Amino acid sequence: MAMLQVKDFGKRFTIHHLGKTRQAVEHIHFSLEQGEFLGIVGKSGSGKSTILKSIYRTYRPDEGSIIYNSARYGFIDLTNATEREILYLRKHEIGYVSQFLNVMPRTTSRELVEKALLEMGATEQAAKIEAEKALTHFELDPKLWDHYPNTFSGGEKLRLNIAMATVKKPRLLLLDEPTASLDQQSKIKVREIIEKLKASGTTLVGIFHDIEFMDGLCDHVFDMQFSQDKSVKEGVIHES
Ligand SMILES: Nc1ncnc2c1ncn2[C@@H]1O[C@H](COP(=O)(O)OP(=O)(O)OP(=O)(O)O)[C@@H](O)[C@H]1O
């Protein structure tokens, strides 16, 4: 059975000051098995982030269903799961990485990664060791480990974000431009982690403007251009 099945999904936004609604995406269909990686491509504004944010339930979807195969709940429709279920899934099963770091204030980068591990049931000692390994892997300068990340550069924030999400070895990982402000060396580090997670069974959905980065990494590519064509019932998924 699929790990993630998106069926006839659509999302509208209300533009209050105009008293209008805008259909951001519609008729989105795709399905992923465990350990597969789907890359979403399409021009700016075509709705790629809207799909990821709706799976993570930052946005509440308007149409269709998003069936996720949860370790805790079995098959669950993320479009109408309760807030409590969504909070559990975000803590234990579904990770989300974007270019923006949204974390507890006055918490050091080391504490943030340790907290992610503790939430997954690690002991304090194991969390300390694994957090240091992850921060080292993503080459966050040890001088920054005990600093609050609000003053970090874009690339430092992003590397911390990826460390926090990937140490949890999530069942489903959503990546919204996770390499946007990274140099080549850091991109290679991200790729290594993605390959490891994939091999251990994590299912991934990602958006990358950097097509080269996706080469050989994605099992399927979902092209927004074709998915919006209503004559194509199942969207278009190219095998890569
Ligand atoms: N919170 C929101 N309120 C109103 N409109 C929104 C909101 N979020 C997204 N949109 C609109 O929905 C459409 C899709 O936006 P989205 O960010 O998903 O596109 P994208 O393909 O990820 O773009 P980019 O590649 O530029 O990041 C756009 O027209 C955008 O203006």
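How many nonpolar, polar and charged residues does the shell around the ligand have?

A: This is a predicted model, in which local features need pLDDT of at least 70 and side-chain atom pairs count only at pLDDT 80 or more, while totals for chains, interfaces and linings use all residues. Residues are numbered from 1 along each chain as its sequence is written.

By class, the shell around the ligand has 2 nonpolar, 7 polar and 2 charged residues, where Ala, Val, Leu, Ile, Met, Phe, Trp, Tyr, Cys and Pro count as nonpolar, Asp, Glu, Lys and Arg as charged, and the others, Gly among them, as polar. The residues that surround the ligand are F13, R22, A24, G42, S44, G45, S46, G47, K48, S49 and T50; a residue is near a molecule if its C-beta atom, placed from the backbone, lies within 6 Å of it. Two or more residues of this shell are given by each of strand 2 (20–32) and helix 1 (48–55), and the largest share, 3 residues, comes from helix 1. Helices (H or I, at least four residues) and strands (E, at least two) are DSSP runs, numbered from the N terminus.

Strand 2 is joined to strand 1 (residues 4–15) over 9 bridges in the antiparallel sense, and R12 has Q23 in strand 2 as its bridge partner.

Note on methods
Pairing = 2+ DSSP bridges.
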